Amino acid sequence: MSKRVPFQHSRRPSLSRVRGAVVAAGLGTTMALGASAAFAAGTMGSPEVANLIDGTAAHSVAKQAAVQGKAAKAAEAGRVAAVKAAAKKAASWEKPVSHYALSASFGNDGSRWAHKHSGQDFAVPVGTKVTAAHSGVVVKAGPNGGGDGPAYGNAVVIKHGNGTYSQYAHLSQIDVYAGQKVTTGERIALSGNTGNSSGPHLHFEIRHTADYGSAVDPVSFLHQKGVGV
């Protein structure tokens, strides 16, 4: 016969005990949280933490100031470089047109001229940009050679330093006026075929005065200024 095992009833904890355990656990958690909050509050208010925060903020401000300082220095360096480049260009000489073929030269004889040819001709299509060979002030600009006669067509004369003048003739369009200051390389006109011209080209002169009759060889002059033609 099998041996009977006596049945045992499990004991459930009383409701009062459960409530007590929950209250105790909650109280412990509350005390722990309170202690953590108190520690955090005490830590945040401590001189060490305050000094750390102040030091971090000061470092951030100093870093930002350093970045701004570098940017300002770079901007100033760029401005100074641009001013120097502009001054260097203004002091230089250059050809009045970029793409061309040389045609009639200074001193050539021919039936087209009352005397010998007074400048250098650059064969270019009508409408080619013409630029100032050097910085100066426009003293003549208009038809009839700007006052030098109809043979020049539309023309411009610029006064430079040291008693030097440059002339640009047979233009299709004039973009400057008498009294206007111009810089080296600045557009002053468009080439054309006006006046006594056998084909589209720019007539370029270097003079000792603003008027016809004082021209020198412009190619030799530009070579002396370091400009190849």
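Student: What pattern does the protein chain follow when it is read along the sequence?

Tutor: In this predicted model, the secondary structure of the protein chain comes to three helices and ten strands. Read along the sequence, these elements follow one another in the pattern α-α-β-β-β-β-β-β-β-β-β-β-α.

Student: What share of the contacts in the protein chain with a separation of 6 or more comes from residues 24 or more positions apart?

Tutor: The protein chain has 229 residues, and buried residues make up 30% of them. Among the contacts with a separation of 6 or more, the share that comes from residues 24 or more positions apart is 60%.

Student: How many salt bridges does the structure hold?

Tutor: Side chains of opposite charge can pair when their charged atoms come close. Counted over the structure, the salt bridges number five.

Student: How far apart in sequence are the parts that R207 and D148 tie together?

Tutor: R207 forms a salt bridge with D148, and their closest N and O atoms are 2.9 Å apart. R207 belongs to strand β9, residues 202-207, while D148 sits in the loop between β4 (136-142) and β5 (154-159), so the parts that this pair ties together have a sequence separation of 59 residues.

Student: Is R207 buried or exposed?

Tutor: A residue counts as buried when its relative accessible area is under 20%. D148, with a relative accessible area of 16%, is buried. Because the relative accessibility of R207 is 0%, R207 also falls under that cut-off and counts as buried.

Student: Which residues are linked in a network of salt bridges?

Tutor: E205 is buried, as is R207. The residues linked in the network are K140, D148, E205, R207 and D211.

Student: Which residue's side chain makes a polar contact with the side chain of Q120?

Tutor: Q120 lies in strand β2 (residues 120-123) and is buried, with a relative accessible area of 2%. A polar atom of its side chain lies 3.2 Å from the backbone oxygen of A104. The side-chain partner of Q120, at 3.4 Å, is S105.

Student: Which residues is P150 in contact with, leaving aside its neighbours within four places in sequence?

Tutor: P150 has its place in the loop between β4 and β5 and is exposed, with a relative accessible area of 62%. Its C-alpha atom is separated by 8.9 Å from that of T194, which is 44 residues away along the chain. Leaving aside neighbours within four places in sequence, the residues in contact with P150 are N144, G195 and N196.

Methods: Residues numbered from 1 in each chain as written. Predicted model: local features only at pLDDT ≥ 70, side-chain atom pairs only at ≥ 80, totals over all residues. Heavy atoms only, no water. Salt bridge = Lys/Arg side-chain N within 4 Å of Asp/Glu carboxyl O. Helix = DSSP H or I, 4+ residues; strand = E, 2+ residues; numbered from the N terminus. Buried < 20%, exposed > 50% of the residue type's maximum accessible area, 1.4 Å probe, protein only. Contact = heavy atoms within 4.5 Å. Polar contact = N/O pair within 3.5 Å; in protein donor to acceptor, adjacent residues only side chain to side chain.
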